[in-house]
Amino acid sequence: QNSIIHTFKKSSVQTIGEEQIQNPYTELLVLKGHQDIVRFLVQIDDCRFASAGDDGIIFLWNAQTGEKLFELHGHTQKITAIAPFSSSDASEEKSNLILTASADKTVIVWDCTTGRQVQKVSCFHSTVKCLTVLQRLDVWLSGGSDLCVWNRKLDLLCKTSHLTDAGISTLVELPKNCVAAAVGKELIIFRLIASSDKSEGWNILEVKRLVDHHDNILSLVSVNDLTFVTGSHVGELIVWDAIDWTKQASECNFWDSSVHPDSQTEIKLSQSPNETSVQHLTCDEECVFAAVGKGIYVYNLQMKRVIACQRTAHDSSVLHIEKLPNRQLISCSEDGSVRIWELREKQQMPAEPVPTGFFNMWGFGRANKQANQAAKKTQENTTMHFLELVGDLIGHSSAVQMFLYFGELGLVTCSADHLIILWKDGERESRLRSLTLFQKLAQNGDLQLKF
């Protein structure tokens, strides 16, 4: 028998040595309590967060100390969605509530201050897969095989008819009392007809179905009041107008090497389904950051193009991505790692030879360019960006599902290894310890200042 040997060049994952100078997270606290995969983290306020997952238990934690505040029992099956639900009523004291949905077909409202169950809704015919709070209207939505609208007292205000057995996978709020719901490969726009009465006269109408995606929509993000973005299982990213729901732009060449000439050539023997899957989207004012397969892509909304990418940011699928206030990004993956990236500019001098297909690829090499066009413009056009790996956080032994960034208090990650890790800025923690010791010694009078 003839054996055929395939040789192909694999895009290598960027690595970083022991000396991670720009990585502040040199200390960690391991938070134990969950008995199964921890899938969700939600911030409650500046120093508290909740965790939930397949064991059906919700834990509340202190992000500063890692102290377990409450253990909330009420669901009998895994948690499928979680959302913060702060009261916006000025007359009463601000209460921090959270909503949790479970595969047991219930939704529970919890009080984070007391750790008590406030109310439970058990009238669902199927599992609620997503929860969205509309603060402006003071209502919340549950999405499953239908879409329901609830008020703060948990009265059902209105609901759609049965949409699909597969159910709504994700929801996003749009302007003018509208929401976009991902139902398989379709995007359904609903409008809420609000009533002045808190419990009657509400309605929800289907106003449009957008069928531009060719596969299931996995991620949705609202950029601002004018724009929202969707990503699908086959690597399609579509930018939509949030007012009239028209398609503004799209990108689906994430895996075409001619589109990203800086990446190594690669012969694909077989494309596993997750290689192009848009698992998660996040954004700032200028860009959308997409977790696509094992890679990270930065898509500039104004230029309508990918300005930087790291095709193999991790060894397995990237599950969650967030932009930090500085020019940094954090990603976590099925491979168990959490990585910190910095978006940097790479100035390409006009004198340098430009890679083949570069101008066509980015869409600014137009034949009718004026020869006397300002040099500055050329300079702008040749600014390339790249993602530099500045930190690699190794602590989990299984897939890292998601994370929360708590600013100077650190970073919280949750994983399929049943653990939550609180990553701390080592230098800051060391300063705080020294300060505490100094204060203690001063109080005890043990501090002898010698001059």
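Lys159 is partly exposed, at 39% relative accessibility, where partly exposed refers to values between buried (under 20% relative accessible area) and exposed (over 50%), computed with a 1.4 Å probe on protein chains only. This residue forms a salt bridge with Asp146, and the closest N and O atoms of the two are 3.2 Å apart; a salt bridge is here a side-chain nitrogen of Lys or Arg within 4 Å of a carboxyl oxygen of Asp or Glu. The pair links distant parts of the chain, 13 residues apart, since Lys159 belongs to strand S13 (residues 156–159) and Asp146 to the loop between strand S11 (139–143) and strand S12 (147–151). Helices (H or I, at least four residues) and strands (E, at least two) are DSSP runs numbered from the N terminus. In contrast to the partly exposed Lys159, Asp146 is buried, with a relative accessible area of 12%.

The model is a predicted one, in which local features need pLDDT of at least 70 and side-chain atom pairs count only at pLDDT 80 or more, while totals for chains, interfaces and linings use all residues. Residues are numbered from 1 along each chain as its sequence is written, and side-chain values use heavy atoms, with hydrogens and water left out.

Across the whole structure, the search finds 17 salt bridges. One of them joins the side chains of Glu27 and Arg433, with an N to O distance of 2.6 Å. Because Glu27 lies in strand S1 (residues 25–31) and Arg433 in helix H3 (residues 426–444), this pair ties together parts that are 406 residues apart in sequence. Glu27 is partly exposed, with a relative accessible area of 25%, and Arg433 is also partly exposed, at 46%.

Helix H3 also contains Arg428, whereas Glu408 lies in the loop between strand S30 (400–405) and strand S31 (411–415), so that their pairing ties together parts 20 residues apart in sequence. The side chains of Arg428 and Glu408 meet in a salt bridge at 3.5 Å, N to O. Arg428 is buried, with a relative accessible area of 13%, but Glu408 is exposed, at 57% relative accessibility.

Gln20 is located in the segment before S1. Although Gln20 and Leu389 are 369 residues apart in sequence, their C-alpha atoms are 9.5 Å apart in space. When residues up to four places away in sequence are not counted, Gln20 touches Val390, Gly391 and Asp392, a contact being heavy atoms within 4.5 Å.
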